[in-house]
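Me: I have a structure open here and would like to talk through a few parts of it. Could you take a look with me?

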Amino acid sequence: MLISIEGVLTPNEVEEARLKLNNASWADGRHSAGYLSQGVKNNQQLPDDDPIAVKLGETILKALQNHPIFTAAALPLKVLPPLFNRYTDGESYGGHIDGAIRPVAGGQHRIRTDLSATLFLSNPDTYEGGELIVRDTFGEQTIKLSAGDMVLYPGTSIHQIKAVTSGVRLAAFFWIESMVRDNAQRETLFQLDKAIQHLGVDVPEHPSLVTLAGIYHNLLRFWANT
Ligand code: NI
């Protein structure tokens, strides 16, 4: 499942993020790539402990904390602090798969990267190229969202960023360990959740709503690790 979530950050928050990132100390993205990815990664990235990255990352995590769609779709157990990248002058990131396990910066903890997220920070009409291409069981999808919108896709996907041929593409990216590891189980829960929400709006008194909500929670009990 791949879903886009609109307006995770407000236009003001996006504007502020862009201003800060324009004055940040960008590093060569290859420094943080794995062995195989080093050959295809050609971008700029803020170091994990850069104060601008830390501060903006907190803003994003706060926006997601009680976000109903993010919570329902990701069923997050742990969310890695967001990182930031920048593509310009023909930079790109060829097809690769993200490492399954990532250390949490500065600590002894690790997370399993069940889901990847990209939060777009540049308006799509300010740069050419820079599409995120995600290939998985759902086929190939091309994603280029408005600034402030976020895409969530399975960590199992092979993905790439097309070359940015003009302008600058800024984005935040991070990983989520879900309470429900399996993509199909997580998607089933998300669809059931959405159906219950719709039914609750259309037929709020229907007695089956409680039964369905019970089924949702019982499935979650079967499948979730906390
Ligand atoms: Ni990646």
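Reply: Below we go through the metal site, a strand and a helix pair. This is a predicted model, in which local features need pLDDT of at least 70, side-chain atom pairs count only at pLDDT 80 or more, and totals for chains, interfaces and linings use all residues. Residues are numbered from 1 along each chain as its sequence is written, and side-chain values use heavy atoms, with hydrogens and water left out.

Me: Which residues coordinate the nickel ion?
Reply: His96 (NE2), Asp98 (OD) and His159 (NE2) coordinate the nickel ion at 2.1 to 2.2 Å, where donors are N, O and S atoms within 2.8 Å of the metal (3.2 Å for Na, K and Ca), and the site may look incomplete because water is not among the atoms.

Me: Is His96 buried or exposed?
Reply: His96 is buried, with a relative accessible area of 8%; buried means under 20%, exposed over 50% and partly exposed in between, with a 1.4 Å probe and protein chains only. Asp98, at 15%, also counts as buried.

Me: And what is the bridge partner of His96 in β15?
Reply: That partner is His159, and strand β7 (residues 92-96) pairs with β15 in the antiparallel sense over two bridges, pairing being called when DSSP finds at least two bridges between two strands. Strands are DSSP runs (E, at least two residues) and helices likewise (H or I, at least four), numbered from the N terminus.

Me: Switching topic, which residues of α1 and α2 make the contact?
Reply: Glu13, Ala17, Lys20 and Leu21 of α1 meet Ile52, Leu56 and Thr59 of α2, contact meaning heavy atoms within 4.5 Å.
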